[in-house]
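Thanks, everyone. Let me put the structure up.

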Amino acid sequence: MMKLIPFVAIAGAFALATAHAQEIGKPAPDFTAKNTKGEEVALSTLKGKIVVLEWANFDCPFSKKHYTSGNLPKLQESYAGKDVVWLTVNSSAEGKQGYLDPSKAQEVVSEKGNKATHYLLDPAGELGKAYDAKVTPHLFIIDAKGTLVYNGAIDSLGTTEVADIEKADKLFVKALDAVIAGQPVENAKNQPYGCTVKY
Amino acid sequence: MIARSVLMISAVSSMAFAAERSGQARADWISSSTSFQPGKPVQTAIRMVVDPGWHTYWSNPGEAGMKPKVTWDLPEGWSAGEMLFPVPRHFSTGGLAGYGYEGMVIFPVTLTPPASATGKMELKGKISWLSCNDDSCVPGSAELKLVIHEGPPADSESVDVVAKALTKIPKPADRVTLKVSENDGQLQLSLVSDRPSFDPSACEIFPVTPQAVDPANPIRFEKDGSSWSAVVAKNEYATAPLRRLTLVIAGKGVAEPIEVTWNAK
């Protein structure tokens with residue numbers, strides 16, 4: 001047993017060092033990132049609004065499931081009407097799946113039906129790593145006070161089949177509706193499913 | 001561009017292989033026997049070959065990825081048992097830990113005809129999967145087809161392949177007990193066995209139960225008096241106390257891969 005102690009101590013220290021940014025109930029990490037029009041979007045300027053962060057990779061079969069079905073575009077559109085700022089984030093590095101050349105990004109984003117308030121380009125992965133975005137799709141919700149209140153999956157069925165969208169427990173939608181209603185989020189942290197973010 | 005080139009490869013290789021190709025892999029359905037007897041189970045298997053540099057996933061895929069899924073379209077009275085998953089590998093893709101397979105993987109499936117089955121049957125199913133490498137993930141699927149006829153037992157050319165595949169399926173372990181206790185985000189695992197050659201420190205350990213153990217670091221057991229112990233971080237998504245944990249233990253320290261389960265009292 002004695003032999004194990006140093007390992008545990010190191011593992012514990014490592015956990016402390018990394019578990020800073022994405023904790024539920026803590027201030028969401030601030031960021032500035034460029035949208036497809038080249039404009040800077042800063043979280044600090046969005047205080048007072050509910051903000052959604054959605055990691056996307058249009059070529060990942062799990063993101064595709066929610067775009068070709070129209071599920072994500074529909075959600076983006078309907079929550080825009082409820083004063084939610086929706087930020088879709090692309091953290092694919094240049095040369096990796098889902099990367100969009102900034103000059104062509106807007107065209108692709110429109111073609112895919114994305115209706116987010118801003119589509120953010122994060123090829124260096126800074127925003128992705130600040131939130132520890134793991135997969136596409138990975139959803140975060142920040143409340144009007146700037147507190148992180150949701151970190152998890154879009155829904156409960158981690159498949160690539162469109163037919164499963166209707167059958168799934170809509171974890172993210174439930175969370176966002178709760179935040180809008182000023183209610184606590186029940187399942188605030190859960191394991192998102194998808195492709196790894198292509199950092 | 002990626003999708004288009006996959007389609008082209010698929011069109012070319014479907015002529016060269018019986019197995020259907022898509023999503024950086026191909027798959028077919030094989031049987032240890034070319035015949036069946038009414039009411040008697042037949043040992044079949046789904047064989048998948050993943051392209052070099054790509055992998056597909058175990059029943060517990062880890063932090064990303066997807067468990068392969070099979071759906072059957074069988075004649076009335078026929079039934080297929082659960083698809084069995086062989087011992088996986090642990091890998092890291094884009095910093096996320098996963099469990100799965102590279103190269104060839106064979107998933108045994110027991111097929112049972114009804115007592116009334118007769119003649120020549122053409123059976124169908126479909127397998128869908130996700131293949132990933134460091135840069136991309138692509139979905140794949142293959143229609144599965146097996147032609148089998150009623151008759152005396154007759155080994156197929158795949159009989160050895162299927163038999164070998166069965167040896168890689170973990171079996172429930174007798175004489176091995178797992179205990180789990182929890183302390184401050186750490187899981188203390190303890191194995192006890194009276195099997196003389198049992199040595200989990202010479203084994204690879206995989207958590208069958210998803211969202212229980214942090215998959216980032218391999219589980220390593222060390223001799224601790226009369227038992228073996230390991231300390232692992234609890235999975236960050238396991239918020240409630242753990243109720244159940246199943247581990248696969250495979251490698252030099254066991255005669256064959258085993259599965260051991262702990263249930264909270």
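Start in chain A, in the loop that runs between α3 (71–80) and β4 (84–90), where you will find Asp83(A). This is a predicted model, so please keep that in mind throughout. Asp83(A) is not a glycine, yet its phi is positive, about 65 degrees. For context, most residues other than glycine have a negative phi. Is Asp83(A) buried or exposed? Asp83(A) counts as exposed, because it has 11 C-beta neighbours inside 10 Å, and the cut-off for exposed is 12 or fewer.

Over to chain B. The loop between β14 (176–183) and β15 (186–193) holds Asp184(B).

Which form does the bond from Thr136(A) to Pro137(A) take, with omega near 0 degrees? That bond is cis. In general, most peptide bonds are trans. Pro137(A) itself sits in the loop that joins β6 (135–136) and β7 (138–142) of chain A.

Now the totals. Chain A contains 7 helices and 9 strands. The chain has 199 residues, and 41% of them count as buried. As for contacts in chain A with a separation of 6 or more, 75% are between residues 24 or more positions apart.

That is what I had on these two chains. I'll take questions.

Key. Residues numbered from 1 in each chain as written. Chains lettered and ligands numbered in written order. Predicted model: local features only at pLDDT ≥ 70, side-chain atom pairs only at ≥ 80, totals over all residues. Helix = DSSP H or I, 4+ residues; strand = E, 2+ residues; numbered from the N terminus. Buried ≥ 20, exposed ≤ 12 C-beta atoms within 10 Å, placed from the backbone. Contact = placed C-beta atoms within 7 Å.
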